[in-house]
Amino acid sequence: MMIRFAILPLLLALNFSMCKRNETTSQNQPVGASSPAPGATTAGGSVAPVATPPKITKPVVDQTAQTIIFCYHLLVDKVRYPGTEITPAAFEAQMKELKDRGITVISMQDLLAWKRGEKNIPPRCAVITFDDGYKSQYEVAWPIMKKYGYPFTMFIYTEGVRGGSLGGGGAITWEQLADMRDNGVDIEAHSATHQDLREGHTITLASPGGKKTRTKLTGAQYEQWVQNEVVGCKQLLEQRLGIKINCFAVPFGNYNEHVKELARNAGYEAMFTVYGQPITFTSPLDSIGRYAIEANKPKVFADAVKMIGTSTGGASAVAEVGAKDLATQPADGDTVRTALPLIKANLSGIGQIEPGSVQMRVSGLGVVPASYDPKTGTVSYQVTQKLREKSCSVFVSAKSAGKKVEAHWTFGIEEGAAGLPAAGTPTPKK
């Protein structure tokens, strides 16, 4: 009994010593050790501080920056079809000129990130794209792009890849596309068979036996076909290459509101044509123009470079106006039966227009002598020189309250109206 009473004080002293040690440890707790939850009461009665979450700031982008987009097709040593071909020497000279002029080449995805307000782009820059999918783009163009360290985008129509119904010996292969993908090249969609996507236009259908039929599809048959052109090609590229497709280049630049809707519903973020103009922060994503570079039109590249080369990034941003708000004639996406159409737009809804600032450009013609009526706000031009392409793009610009406003739209020209050859599928790559 005496021993039990003697041990009791010793145990009490030991317990008191351990409590003091725990208290000291909690006060000097190292980083990573368990601690009271924010706002919880500690053993000493104090409240643990609530951690302030870090502030996530969104970059302030330069909305006055501008870019231009170039579109190339086939690179050949000897030009036979100047509408789609260019020599490797001419192509490299153009890439060098961009560098010499201080025009930065950026990627398509950087451009879209800028349009989303997520990052800045240089005030003077350009995007390079290649359409269709020729093996010369892999064998000739890519090494030149590597030499200058330029990113670029490939717009591929899936039946034109080697092994497809339109993919001959001149076509790129799936293996080459995978090689480009693995080395950072952006690959996007350009339809399945590269044909006019608007309902009622003549197209070529290939049967399983290889027989090709020229026809016009309407109703449910058309919807099934165009679904594969817009959506099916995206799905195939994503499945074959394991990538995400967010851009769609429209064949020939021919589209209408229905095609735009299909593209939006398919998950495309941006839609591209071949009618070049500087791209601003407010340019609509469903009709982004590109300068199509052709051997027989060297002035196109020169004009594009001159336009962006004079930009310093400090100019007033251009306000884009939707063509549907201008009651345009012909309407955006319509097809006319004459190669000498009357082109009109009503600018009265924009605001007070400076009459001397109104300008109209027509693809294939350049600046035209359009007339402007301040009373009605209508700008018009009667085409006097036959339009020779299958489609026509119109650009109207003016100043309102000291700021530049611009609108553009595209209409088609019916086969034969301008002495054009019958439209069909592109020549298979041989």
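Q: By class, how many nonpolar residues does the lining of the second largest cavity have?
A: In this predicted model, the second largest cavity holds about 30 Å³ of space, and Leu347, Ile350, Val396, Ser397, Ala398, Val405, Glu406 and Ala407 line that cavity. Sorted by class, this lining has one polar residue and one charged residue, while the nonpolar residues number six.

Q: Which elements give two or more residues to the lining of the second largest cavity?
A: The residues that line the second largest cavity include Val396, Ser397 and Ala398, and also Val405, Glu406 and Ala407. The elements that contribute two or more residues to this lining are strand S20 (391-400) and strand S21 (403-413).

Q: What is the volume of the largest cavity?
A: A search of the whole structure finds two cavities of 30 Å³ or more. The largest cavity is lined by Tyr255, Thr273, Tyr275, Gln277, Ser287, Gly289, Ser393, His408 and Thr410, and by class this lining has two nonpolar, seven polar and no charged residues. The volume of the largest cavity is about 40 Å³.

Q: Why is helix H3 described as largely enclosed by the rest of the structure?
A: In helix H3, Met108, Leu111, Leu112, Ala113, Trp114 and Lys115 are buried, and what covers these buried residues includes strand S1 (66-72), strand S5 (124-132), strand S6 (153-156), strand S7 (186-189), strand S10 (247-249) and strand S11 (270-272). Helix H3, residues 108-115, is largely enclosed because the buried residues number six of its eight.

Q: How are H5 and H6 oriented to each other, roughly parallel or roughly perpendicular?
A: Two packed helices are described by the angle between their axes and the distance between the axes. The axes of helix H5 (residues 174-182) and helix H6 (residues 219-241) come within 10 Å and cross at roughly 75°. An angle of 65 to 115 degrees counts as roughly perpendicular, and H5 and H6 are therefore roughly perpendicular.

Q: Which residues in H6 do the residues of H5 meet?
A: By class, the contact of H5 with H6 has six nonpolar, no polar and two charged residues. From the side of H5, the residues in this contact are Trp174, Leu177, Ala178 and Arg181, and the residues they meet in H6 are Leu236, Leu237, Arg240 and Leu241.

Q: Is alanine 178 buried or exposed?
A: Alanine 178 has its place in helix H5, where the buried residues of the helix pack against helix H4 (135-148), S6, S7 and H6. Because buried means under 20% relative accessible area, and alanine 178 has a relative accessible area of 18%, alanine 178 is buried.

Q: Buried residues make up what percentage of the protein?
A: The secondary structure of the protein comes to eight helices and 21 strands. Among its contacts with a separation of 6 or more, 65% are between residues 24 or more positions apart. Of the 430 residues in the protein, the buried residues make up 45%.

Conventions:
Residues are numbered from 1 along each chain as its sequence is written. This is a predicted model: local features need pLDDT of at least 70, side-chain atom pairs count only at pLDDT 80 or more; totals for chains, interfaces and linings use all residues. Side-chain values use heavy atoms; hydrogens and water are left out. On a 1 Å grid over the protein atoms alone, a cavity is a set of points where a 1.4 Å probe fits but cannot get out, and a pocket is an open set with protein on both sides within 12 Å along at least five of seven lines; lining residues have an atom within 4 Å of a point. Grid points are joined across faces, edges and corners, and a volume is the space filled by probe spheres set on the points. Ala, Val, Leu, Ile, Met, Phe, Trp, Tyr, Cys and Pro count as nonpolar, Asp, Glu, Lys and Arg as charged, and the others, Gly among them, as polar. Helices (H or I, at least four residues) and strands (E, at least two) are DSSP runs, numbered from the N terminus. Buried means under 20% relative accessible area, exposed over 50%, partly exposed in between (1.4 Å probe, protein chains only). Contact means heavy atoms within 4.5 Å. Axes are lines fitted to C-alpha atoms, for helices over the stretch in contact, and angles run from 0 to 180 degrees between N-to-C directions. Angles under 35 degrees count as roughly parallel, over 145 as roughly antiparallel, 65 to 115 as roughly perpendicular and the rest as oblique.
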